[in-house]
Amino acid sequence: MSAIQKNVEAASEAYSSTFTKGHLVLPPAKKYLVLTCMDARIDPASAFGIELGDAHVIRNAGASAVDALRSIVISEQLLGTQEIVLVKHTGCGMLTFTNEDAYGIVEKNLGSEASAELNKLKLDFLPFPELEQAVKEDVKFLQESKLVPDSVTVSGWIYAVETGKTKRVV
């Protein structure tokens, strides 16, 4: 067992020994979801005031609305969320490369078969060159999507990893 796995096991044992929230219901109590980046420097619960059971938290590379759409639809249509808070962040890795760069790295590191699989899937890594514009574009994508009802409130934010502050963009 790796050191990481041992840590997960020990942390789980400690957490579960005092756990008292097993009664929480499946839908999020405050009927909203937060879409943010998978960046390890972001602690959504602490940074955005989310208590266990309050909200769905969807994380992916770059807080991509396109990538998260399946989960957003499930959250809204099956579990009753009524608001989306989209939060991208400063210093995001998605600002540092293009699709061509990513394809090249995959081919270099994993070989031509992996590269061929990416091409077959037509995988878009969804990088973006400008942070604030990317927030606006993702909010617009969600607002214009037929899969997100007009009654759902959508807002866009930027979290500063350097300070821990969050500011509204749209």
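I started with the inventory: the chain has six helices and five strands. Helices here are DSSP runs of H or I with at least four residues, strands are runs of E with at least two, and both are numbered from the N terminus. In sequence order the pattern reads α-β-α-β-α-β-α-α-α-β-β.

Housekeeping before going on. This is a predicted model, where local features need pLDDT of at least 70 and side-chain atom pairs count only at pLDDT 80 or more, while totals for chains, interfaces and linings use all residues. Residues are numbered from 1 along each chain as its sequence is written, and side-chain values use heavy atoms, with hydrogens and water left out.

**Overall numbers**

I looked up the extent next: the C-alpha trace spans about 50 × 50 × 35 Å along its principal axes. The chain has 170 residues, and 35% of them are buried (under 20% relative accessible area; exposed is over 50%, partly exposed in between, with a 1.4 Å probe and protein chains only).

Axes are lines fitted to C-alpha atoms, for helices over the stretch in contact, and angles run from 0 to 180 degrees between N-to-C directions.

I zoomed in on one pairing: β1 (residues 32–37) and β3 (residues 83–89) run parallel over five bridges. L33 has I84 in β3 as its bridge partner.

**Helices on the sheet**

Which residues of α3 and α6 meet? On the α3 side I find A65, V66, L69 and I72, and on the α6 side D138, F141 and L142. The two helices pack at an angle of about 40° with axes 10 Å apart. Their crossing is right-handed (the near helix turned clockwise from the far one by less than a right angle; anticlockwise is left-handed).

**Aromatic pairs**

I count three aromatic pairs in the structure. Rings of Phe, Tyr and Trp (its six-membered ring) pair if their centres lie within 6.5 Å; planes under 30 degrees apart are stacked, over 60 edge-to-face, the rest tilted.

One of them is F48 with Y159, edge-to-face at 5.9 Å centre to centre and 85° between the planes. F48 is in helix α2 (residues 44–48) and Y159 in strand β4 (residues 153–159), so this pair links parts of the chain 111 residues apart. Y159 is buried at 8% relative accessible area.

Another is Y103 with F125: centres 5.9 Å apart and planes at 90°, so edge-to-face again. Y103 lies in helix α4 (residues 99–110) and F125 in the loop between α5 (112–121) and α6 (131–144), so the pair ties together parts 22 residues apart in sequence. Is Y103 buried or exposed? Y103 counts as buried, at 16% relative accessibility, and F125 is partly exposed at 25%.

Definitions and conventions: Pairing = 2+ DSSP bridges. Contact = heavy atoms within 4.5 Å.
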